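Here are my notes on the structure, as promised. Have it open beside you while you read, and take the points in any order you like.

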Amino acid sequence: MPEGEVVHTAGKINPVKTCQPIGAMYAALGIHRCLPHSHGSQGCCAYHRMHLTRHFRDPVLASTSSFTEGASVFGGAANLKTAIKNVFEIYKPDIIAVHTTCLSETIGDDLPTIIKQSEVPEGKVVIHANTPSYQGSHITGFSNMVKAMVTYLAARDEETIRKKRVNIIPGFVNPSDMREIKRITSSLGVDMIMFPDTTNVLDSPLTAKYDMYPEGGTTVEEIRDTGNSRLTLALGAWSSNAAGAALMEKCGVPCVPLKVPIGLKATDDLIMTLKEKFDAVVPDDLTLERGQVVDTLIDTHFHYQGKKVAIYGDPDIVVPLVEFVLTMGMIPKYVITGTPGKAFEEQVGAMIEEAGIEDYIVKAEGDLFDLHQWIKEESVDLLIGNTYGKYIARTEDIPLVRVGFPILDRAVHPLMPITGYKGCLRLIEMISNALLERRDRDCLDEDYELVL
Ligand code: SF4
């Protein structure tokens with residue numbers, strides 16, 4: 001890290017994002033019997049699969065158009081047509097979800113036309129999303145692929161009365177979070193279709209039997225039927241709103257945008273929306289879980305109250321996380337996302353100011369180099385974000401609570417939800433314990449206590 005302030009206006013140093021196809025690939029894995037297909041070179045596809053595999057610690061499969069110099073010069077149409085034919089013949093998916101890479105986007109391959117000219121077996125489907133990585137982030141790629149699910153597949157059957165059912169677009173969250181959102185919705189007695197849904201795909205159990213397509217994922221038929229639902233909940237503006245709006249426009253399904261239910265308020269909002277829209281009764285179990293969170297906040301507040309925290313990561317995770325740490329009485333001093341979208345700065349800034357905090361920095365399209373420079377000027381007590389912050393944590397000797405994507409150097413996290421009331425307890429536990437560990441490590445011998 002150089003001495004003094006370095007202003008960099010071109011490019012990013014240690015970006016808080018990765019490229020669009022990673023999000024598109026993750027979304028595609030949430031369709032049952034889907035093979036994601038990367039229309040570009042093998043290197044991109046290998047990197048994207050590896051990154052997802054390292055985070056989820058589960059194998060991620062995807063095929064590639066395997067561009068060589070020829071395709072790079074003359075376009076990748078022939079490669080994609082051959083790939084579609086071969087993939088259906090050999091790997092037998094129900095659906096192929098194609099995403100582009102920087103290379104195929106720069107060439108300008110016309111995906112809808114190539115797909116129309118391809119041999120697609122009866123009853124099988126090919127969808128596509130444009131995911132150029134010189135724009136947006138993995139969250140934009142996720143959003144584009146979920147929107148493609150709607151534009152290609154969703155349909156409104158005129159003769160069908162709208163089903164008393166909610167579509168839930170969960171956002172770019174772990175399978176455990178999707179599982180938790182489904183558990184909450186089920187416990188309210190509300191029928192749902194979640195799409196995409198990576199539960200039982202990227203958190204599937206070991207069965208001692210290899211299955212190329214695990215039993216999870218939303219079926220093509222279910223995605224088609226989302227057009228007949230009564231309501232859509234789009235969780236996370238950056239990852240889910242575009243698909244929710246497309247479903248509204250295509251099939252007339254009203255869409256309520258909500259935050260990803262991280263923290264007390266965002267979870268309350270999800271439950272109260274379902275309660276109002278579906279006349280649902282909140283079960284005692286959920287009320288009990290909420291009460292446990294409030295009780296825990298009272299029991300533990302002195303561990304974190306007034307502590308300064310830097311939060312970085314994907315906007316749909318960071319926004320509700322900031323809301324929750326404010327509920328906890330912490331001070332979000334620096335907040336960064338790498339994903340574009342000026343609404344981030346307005347939304348996060350408004351929440352922090354409403355809490356009466358004036359001295360803070362919020363930045364969209366920021367990077368970890370920015371964050372490190374700010375921390376050198378004035379440090380914080382805690383970092384919350386993905387694995388990439390570990391270098392700042394080590395250099396500046398600040399505890400790091402790993403939340404978000406990707407987490408490449410810790411285990412089990414994809415199975416542990418941070419959403420819902422259970423997720424609140426987990427976040428409180430991680431934050432409290434990181435600060436207590438730090439206190440144990442740093443205090444003088446005479447202050448070293450059994451009970452803190
Ligand atoms: S070339 Fe583009 S799509 Fe491929 S890995 Fe790099 S940023 Fe991602």
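1. Asn167 sits in strand 5, which covers residues 163–169; strands here are DSSP runs of E with at least two residues, helices are runs of H or I with at least four residues, and both are numbered from the N terminus. Asn167 counts as buried at 0% relative accessibility, where buried means under 20% relative accessible area, exposed over 50%, and partly exposed in between, with a 1.4 Å probe and protein chains only. Leaving out residues up to four places away in sequence, Asn167 touches Ile193, Phe195, Thr226, Ser229, Leu231, Thr232, Leu233, Leu247 and Val253; contact means heavy atoms within 4.5 Å.

2. A word on provenance before going further. This is a predicted model, in which local features need pLDDT of at least 70 and side-chain atom pairs count only at pLDDT 80 or more, while totals for chains, interfaces and linings use all residues. Residues are numbered from 1 along each chain as its sequence is written, and side-chain values use heavy atoms, with hydrogens and water left out.

3. Now the overall picture. The protein's secondary structure comes to 17 helices and 13 strands. Its radius of gyration is 23 Å, close to the 22 Å that the globule rule gives for 452 residues, so the protein is as compact as a globular protein of that length. For that comparison the radius is taken over C-alpha atoms, and the rule is 2.2 Å times the number of residues to the power 0.38. The C-alpha trace spans about 75 × 55 × 45 Å along its principal axes.

4. Of the contacts between residues at least 6 apart in sequence, 74% join residues at least 24 apart.

5. Which residues touch the most other members of the largest nonpolar core? They are Ile384 and Ile431, in a core of 101 residues. A nonpolar core is a set of buried Ala, Val, Leu, Ile, Met, Phe, Trp, Tyr and Cys residues joined through side-chain atoms within 4.5 Å. Setting aside neighbours within four places in sequence, Ile431 is in contact with Tyr304, Val325, Met328, Met330, Leu382, Ile384 and Val401. Apart from this core lies another, of 15 residues, among them Ile336, Trp374, Ile392 and Ala393.

6. Leu427 is in helix 17 and counts as buried at 1% relative accessibility. Beyond residues up to four places away in sequence, Leu427 touches Ile262, Leu321, Phe324, Val403 and Ile418.

7. Ser143 belongs to helix 7 (residues 138–153). Is Ser143 buried or exposed? Ser143 is buried, with a relative accessible area of 7%. Its contacts, leaving aside neighbours within four places in sequence, are Trp238, Ser239 and Ala242.

8. Val282 is found in the loop between helix 11 (264–278) and helix 12 (284–304), and at 24% relative accessibility Val282 counts as partly exposed. Val282 and Leu188 are 94 residues apart in sequence, yet 5.7 Å apart in space, C-alpha to C-alpha. Leu188 is also one of the residues that Val282 touches, along with Ile271, Lys275 and Thr287, not counting residues up to four places away in sequence.

9. Some backbone geometry to look over. Most residues other than glycine have a negative phi, and most peptide bonds are trans. A cis peptide bond joins Phe195 and Pro196, with omega about -10°; Pro196 is in the loop between strand 6 (191–194) and helix 9 (220–225). Another cis peptide bond joins Phe405 and Pro406, with omega about -5°, and Pro406 lies in the loop between strand 13 (400–402) and helix 17 (420–442).

10. Which non-glycine residues deserve a look for positive phi? Glu365 has phi near 55° and is placed in the loop between strand 11 (361–363) and helix 15 (368–377). Glu365 counts as partly exposed at 36% relative accessibility. Asp397 has phi near 60°, is found in the loop between helix 16 (390–396) and strand 13, and counts as partly exposed at 37%.
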